[in-house]
Amino acid sequence: MLLTAIAFVGALSGVVTIGAQRAAPAIPKPAIPKPAIQGPAALGTRFDTVVAPFVKTYCLECHSGEKPEAELDLSTLTSMTAAANEPRWGLILEMLESGEMPADDAKEQPAPHTRAQAVAWFKDLRTYEVARNAGDPGVVLARRLNNAEYNYTIRDLTGVDLQPSREFPADPSNPAGFDNSGESLTMSPSLLKKYLAASRDIANHAYLNADGIRFAPHSMLADVDADKLFVHRIIDFYHQQNTSYAAYFAAAWRHKHRAALGRPRATLADTATDAKVSAKYLATLWDVLEGPRETVGPIARVQDRWRALPAPGPKGEDTAAGGREALQNYIELLRAKIEPRFRNLVAPGVNAAQQPFMIWRNVQFATHRMTFDPAQLQVGSEPRPEPIVDPEPGNNQFGPGPTPPVVNAIGDPDLVVPAGERARYEAQFARFSRVFPDMFYMQERGRHYFDRVHDRGRYLDAGFHSLMGYFRDDQPLYELVLDTAQQQALDALWLDMDVVGNVTSRMYQQYIENQTSQGGGRGRVVMPPNPNNDLVTSEPRVKAIEAAFVVAAEGGEPRTFEAIHQYFGFINDRLRLVERLRREAEPKHLDALAAFAQRAYRRPLTPAERDDLRRHYQQARHDGLDHDAAIRESLVVILMSPDFLYRLDLLTTDSDVAPLSGYALASRLSYFLWSTLPDDELLARAAAGDLRKPGVMAAQAKRMLKDPRARALAVEFGGNWLDFRRFQDIATVDRERFPAFSNELRSAMFEEPVRLLLDVMQANRPVLDLLYATDTFVNPVLAKHYGMPPPKTSTASDGEGAGDTWTRVTNAQAYGRGGLLPMAAFLTRNAPGLRTSPVKRGNWVVKNVLGEHISPPPPTVPQLPQDEAKLDLPLRQMMERHRADPQCAACHAKFDAMGLVFEGYGPVGERRQTDLANRPVDVTVTFPGGSQGAGVAGLRDYIRAHRQRQFVDNVSGKLLAFALSRSLVLTDGPLVEDMSRTLAARGYRFDSLLERIVTSRQFLNKRGSLSTGHDPKRHDPQDSRPKESRP
Amino acid sequence: MSQHRPSRRHSRNAVPRRTVLHGIGVTMALPWMESLAGFGSTETMAAAARAKEVAGAPKRFAVVFQGNGINPNHWWAKGSGAAMELSQTLQPLEKVKTKINVIDGLFNKFATGNGIHPGMTGNLLTGAPLKRGAIMHSGISLDQMLANHIGQDTAQSSLVLACEEPMTGYHETNFSNAYGSHISWQNADSPMPNEMYPSLAFDSLFENRGNMRNVSVLDRVKERAESLRRQIASTDRAKLDEYLSSVRDVERGVERLRVEKDKAEDRANGKPLLTMKRPDNGLPEDLRVHAQLMADIVAMAFQTDKTRVVSLILARDLSALYYPFLDVREAHHGASHNDTSEGYERIARFHLSQFAYLAQRLDEMPEGEGTVLDNCCLLYLSNMFSGSKHDNSKVPLITAGGLGGTLETGRTLHFADAGDENRKLCSLYLGIMDRMDVKLAAFGDADSRLSLF
C-alpha cells in the first residue's frame, strides 16, 4: 500500500486524513479512537459484495485496458488480497472520499451511501493492515550526513571543531520537519564539489608526527602554522601546571591540620588533588617542611616560619594566609639573591650574537635553575670577589642583551656565613635551591634576556636577533612538578615541534644562510668551500661548518670551544634523530590512515579496504607526491567515500526485513542521540554483538544521554521540531527600534530552549515540563531582557560548567516565563519585525507544539501592515475582521486564539502592557471549543484540559521520526500510541520515550532487499518515497 | 578553498643556495624551446573556435614583490602613451610602456606606525592590521581572494612563488619576520607557503597535480560506490546513484582542465605555444637564473591557463640576497640603507627588469586580437619607497596589462596629494578585482575604488 503525504499524528487523531482536505472539528478528539479490527474473512466477504461491484460499475471504464487512465489498471482488483497489494490504494481511498472520483464526466455517479460503503471498506482494510504490520521498520533510505551531522562528525573524527559545512547550502527537511532523512537529503555536483573542497581543507589541517596523524585547528601548510600550533600547545601545557608557592603552602598547611579541618583520613595525595596541585611537588615540599629539623641555612629558616604558622580557627578559618605569604616572600627574595648568572661568550673571530654562544648561555641558565651562586655567600674570613670591569666585550647592538650581575648588600643576614662554615652552608643552600628553583619554566625570552618588559609575546623563543629559534627551558617544572605521564606529554610536544615543525633544521638553515649572505662582516664566520655540494643539514656539512667556527674562534677561552662543539653536536644529533623518527613513522601513518577510515566509516575495514587504502597511497607516491601529501590525499579519499558521507545500512541477509548489524545499530543510536559517530564504548558493544539486547540498548542510550554530545539532540531534534534551529541567522528584527536585540541576546534566545530541552532529557524530567515548567534558563543578557535580577554566575574554579554564565531560574513564572511557550526565541521568530503576529505565533503552537496539520494560506490572503505603530486598529480587531469572512474563519479559528494570548509580549518577546501604538493589549481569548482564557497561563490551562494528549502524541511521533531518520508511516501508529501510553504511565518521564524507541522493531531492523522485491508493483524505481509493503 | 599543494616538507632538505657556495657550474637549458604543435589543424575550424574562445580569454593576475624599497631618485615616469618618459630604474619597461601604468602615491595605512620592516610588509596585499608576538594575524590577501573566486577552473588555483627563503624569527619591533617573508595569506591566520623550487612549481602545473589530482580521488570513490551498489538495498541504490552521477559530473569538470591546452592553442591564433624544459631539481645557484625561471613558469602557466593567479617574491623584506653580478658588495637589506646609491639603483633595476621580462614574454604571446599581456594585470610593488628612511608613506607601484580591455594603460597616475582616504592600496585592489569579476563591497581597509584608475 502506498502511504504518502500523511501527517501521521493527524491521521491517528482523526484531525487530518489523507490529503488533509477536510476541516478539522472545532475540538480535536483528545484520544486516539480504537477501531474494532475486522478480520480477513469479513473483509473478503465485503470486498466481494461491495467493492468488486463498485469498481466494476464506476471505475473500470477508464481504469482498464491497454492504456488505463493515470496508468492505474483496476481490473486487477479481483480480491481483497489483490486490493491490499495494489500500491496506490491509499490514493484510491483519497479520491473516493474527497469525491474527486469518479470524475464529473463519468457515465454514472455512485449514490452517497454506496460511495460511503466503499470508503468504509478501504478504511477498514487500512486498520487491518496497520495492526497486522505494526512495527514494520519501513524504508529508511541511505542518507548523506546532513550539515550538522557532518560538522559534529568531523569534530569527533579530527578532534577539532572545524565546522566545514558552514558555507554549505541549507539542508531541506522531510515532511516530519527533520533534515536527517534520505527522503529530503540529496546530492548534487555542486554540493559534491563543496564536499571535495571541504575534504581538502580538512586534510590540510592534518599533520604527521612521530606517532600518527593529528589535526590542528588551522591549516598546517606553512612553517609558521606548525610554530603557532606547538608554541601554543606547549605554553598551554605550562599554564595548566600549578607552580604557585601560595597554592602549595596552603595545601601543606591544610594537610597538616587535616583533622581539625574535617579530613582526618586524607592522604597527602588526596590533599594535592583537592588543592589542584602536583602531588609530586607537594610531597617534596612536605619533606622539607615536616622533615628533620635543620639548624643553619635557608631550610632551617623555612622550617622556623612553617612551624610558626597558626592552626586553623575553631570553625576551620584560614588563620595562616599572612604567615604563608611571608614564607613565600622569604623564599623568593632569597632565591633572587643567589641566582646564578652567565655572561655572554665572545671569541676573537666570533661575536656574542652567534648561535653557538647564545645557545650555550641559554643552556647554562636552563641547567642551573636548581642551583645557586656560591660566590654570593658572604663567608666571614673570605675576601670579597672583585667586581667585573668589562663584563661582555664584543657584544654588539645585534647581540644578546647584557647580563647585569646580582648585587647584594654587604652583611645581608640571609647570606652571611660564619667563618669556616662555607661547606656546611653550601650544602644547605644547594638543598634549598634544588627544591625552590629560580623559576619553573621560561615561557618568554626576548633578545634582552633580563629585560622582562620588551619583546613580550615571543613564546619559547631562543632570543636571537631577527632569526628564528626555539629553546626549551623547563627543567625544574619537569623534574619537580610533572609526573611521568605529564613528562612524556611535554616531551612529545617538543618533539612535534621538530618532527612536524622542522624547527631545528629551519633554525640552523636560516642561521647559516645569514652567515654567508651578509658578506662576512665583523664577527661572522666565513663558510668553508663545499666541493661535494652537500646539503647544509647533512652530517659532513655540519662538521665542516663546525670546523670553520673552531678556526674562527682561535684564541678564545676554552668555554667558547665547548660552546661550539655543544651547538653543532646538538644540531647534528637532532637533525639525525628527526630524520630517523620520520622514517620510522611512515608505516605508523599508514596504520593511522586505516584507523581513521575505520572511525570515519563507523565499522571495521575489510582486508580489501585496507589494501585499497594502501594502494592509493602508493599510487600517489608513484605520481610524485611526497609522504605527507600522499597521506593527505588518502584522507581526502576517505572523507569523500560514500561509506563516510552516507549512512548506509549494509544488508546482512537478502530478506525483506532483517536485523541491523551491530555497527549499523551503533551508528543509528549515536546519530539519533549525538548527531555524530559512535564512541569507542558503543563500537565495543557493536563488536561484542550484544547491542540488540534490550537491556544493553537502553543502558547505552541512557549513558549517551548523559554525555555532553547529547546537546546535539536538543539542538537538532528540538531545534527542528520547534523551528528555532536557524534562529541565530534571523535578520527580521529592526535593531534601531529594538536596540536591546544584540547578537549576544540573539544567541541567548537560541540557547534558552536548548537548555530546557536538554535539562528535560538529561535530568529525566516529565516532557510536560516543556509546557508547564515554572523554571527556565537565563544568562545575564537574557535575564536583563526578561526583567529578572542578574543571575549569580558560577565561579571559574568549579570544574564542569566553570565560567558558564547560564543559570536556572526556578520562579520564572513570576516574570511571565517558564517552559517553552513564552520563550523569546519563539515569540521573536514568529513576529515579522515591527509588530507581533498572533497568526504566526498561534500557528506555531498548533502546528509545531501540538502537531496539528494546518494547510498553507491561500495566495489571495491580504497582508497585514508591517508596522504595529501605524495600524489604525489594534491587531486583534483587524484579525477579527478577517475572521468574519467564513472562508478564512475555518483555519483561523484553529490558531488565532492561541496567538492572541501572547499579545503581552512584543516583537522581540519583551513583556508589554501596550502595543507599539500605545494601545493597551488584551490577552483574553475564547479557545476552540468555547472555553475562555487569558495569557500564557490561560493557554497552559486550555492545553492541559483539552489538548495535552495531542501534545504527547506529537512529541512521541516527532522523536520517533527523528530517531528513525524517516517520515512516519501508518504502521508506526501502534508504537506511537504505545509510547504515549507508556509516557503517561511513567509520569511522562523522558527516558520512557527513549527506551521505547531504541528497543522498537522499527529501530532495530532494516527493510530492503537486494532484488527489486517480490512483487514488482510494490517498487516503483522512480519513486523513492517511503512505501509500505508486506512480507 | 585550498587545493592540493605539495607538502611544506619539500623544503625540509632545502639547499640554501648561498650555503652551497662558490662555483658549481650549472648548465641551464635555454628556458624556451619551440613547440612543434600548432600545425595541421583545420584552419576554418580553428578560426571558428578561436572567434568564440578569444572572447572568453581568461583574465590573469600576478603580483611581483621586491622588499626594502627602490632608489627614490630614479623612480618616476612622466607623460603618457608612447610619449611616456621613464626614469633610469624604469628603463627596462621601455618596450611595453604603452601597456603599463605607473602609479605614484598609494599607501597602506595599517602598514604605517608599526615600526620598520616586517610590520610594513605582512599586510601589503591584505590591508589588515598585524599582530605582534607569537600569534600571527593579517587578513586574506588580494591574490588569494582572487584565487578563491576564479581558481577552481585551473590546475592550480594560484601559484605562490619566491626566490628567497623565508625568515621566521623576531624583529626588534616584535613583529615576526614571517610577515616580511609572506605577502600571500590564505586567511587571517595563515600565510600561503612559498614555493621556491622552480622544478616543483613547474610540476605543480602538470601531470597529475593540483586540481587535476581530484580525478584520482574521484576515481577511487566512484569505484567504491559502484562496488557498494551490490551490498545495499534496491531502494538505497537511487540515493547512491545520485551520488555517483554527481561524482561523474564533477570528474568531467576536472577532466575539462586537461583540454585547456587545446583552447590555449586556439587563442594563440595557430602560433605555437611556448614550452619549457622541466627545471632541474634543487635551487638555482644564480639569482638571475632563478628569477628568470620563475618568470618563465608564470608566463607558461598564464598562456596555457594552468593558473590565473600568481604571487612572486623576488627579494623578501630584510632580504639577504646579494648581487656580485651587479658589483654590489653588501647584501640587499644592508644596501637598502644606502638607497640613493648607484649600487642600490642597480639592485632595484635588476628586480624591475624581471618584471619587465615577464611582461614582455606575455606580450610576445598572441591571444585573440592581442596578446596574453593584454588579458593580464601584473602588479609590481615594494613595501617602502625609501629603504634608508624606512618610508612607506607611499609605495612604488606599476601595473602592466589591460585585463581584457577593461584597464586603460599607458598612464602615469598621481595620488600623493589626493588625501589618505583616496590613495589606499586596497582601493586599487578593489578596482582590479572588479575587472576580474570579483565584486566586493570592501577589501582590507577600503570600501571605495580609486578615482581615475
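# Exercises on a predicted two-chain model

Chain B holds an open sheet of 7 strands, ordered 6-8-2-11-12-5-13, with mixed pairing. Strands pair if DSSP finds at least two bridges between them. Strands (E, at least two residues) and helices (H or I, at least four residues) are DSSP runs, numbered from the N terminus. The model is predicted: local features need pLDDT of at least 70, side-chain atom pairs count only at pLDDT 80 or more, and totals for chains, interfaces and linings use all residues. Residues are numbered from 1 along each chain as its sequence is written, while chains are lettered from A and ligands numbered from 1 in the order in which they are written.

## Exercise 1. The sheet of chain B

**Solution.** 

Step 1. Strand 6 and strand 13 (411-414) of chain B stand at the edges. Each has a single partner strand, so one side of each lacks a neighbour in the sheet.

Step 2. From one strand to the next, the twist averages 15°. Angles run from 0 to 180 degrees between N-to-C directions, and axes are lines fitted to C-alpha atoms, for helices over the stretch in contact.

Step 3. Helix 3 (residues 142-150) of chain B packs on the sheet and touches strand 2 and strand 8 of chain B. The direction of helix 3 makes about 155° with that of strand 8 of chain B.

Step 4. Helix 11 (residues 342-363) of chain B also packs on the sheet. Helix 11 touches strand 2, strand 8, strand 11 (376-382) and strand 12 (397-400) of chain B, and its direction makes about 180° with that of strand 11.

## Exercise 2. Strand 8 of chain B

**Solution.** 

Step 1. Strand 2 (residues 60-66) of chain B runs parallel to strand 8 and is joined to it by 6 bridges. B:F61 has B:V309 as its bridge partner. B:V63 has B:S311.

Step 2. Strand 6 (residues 159-162) of chain B pairs with strand 8 in the parallel sense, over 4 bridges. Here B:L159 stands opposite B:V310.

Step 3. Count burial. A residue is buried if 20 or more other C-beta atoms lie within 10 Å of its own, exposed if 12 or fewer, and partly exposed in between; C-beta atoms are placed from the backbone. In strand 8 (residues 309-315) of chain B, 7 of the 7 residues are buried, so the strand is largely enclosed by the rest of the structure.

## Exercise 3. Helices of chain A

**Solution.** 

Step 1. Helix 21 (residues 607-622) and helix 22 (residues 627-640) of chain A pack at about 135°, with their axes 9 Å apart.

Step 2. Helix 21 and helix 22 of chain A are therefore oblique to each other. Angles under 35 degrees count as roughly parallel, over 145 as roughly antiparallel, 65 to 115 as roughly perpendicular and the rest as oblique.

Step 3. Residues in the contact include A:L613 and A:Y617 of helix 21 and A:I631 and A:V637 of helix 22. Contact requires C-beta atoms, placed from the backbone, within 7 Å.

Step 4. In helix 32 (residues 838-849) of chain A, 10 of the 12 residues are buried. Among them are A:W844 and A:V845. The helices they pack against include helix 27 (711-721) and helix 35 (935-964) of chain A.

Step 5. A:G851 follows helix 32 of chain A, with a positive phi near 80°.

## Exercise 4. Confidence

Which stretches of chain A have pLDDT under 50?

**Solution.** 

Step 1. pLDDT is the predictor's confidence in each residue, from 0 to 100. Chain A averages 87, and 91% of its residues score at least 70.

Step 2. The value stays under 50 over residues 1-35 of chain A and over residues 517-522 of chain A.

Step 3. Where pLDDT is low, the predicted coordinates should not be read in detail.

Step 4. The predictor gives the complex an ipTM of 0.80 and a pTM of 0.83.

Notes:
Two residues are in contact if their C-beta atoms, placed from the backbone, lie within 7 Å.
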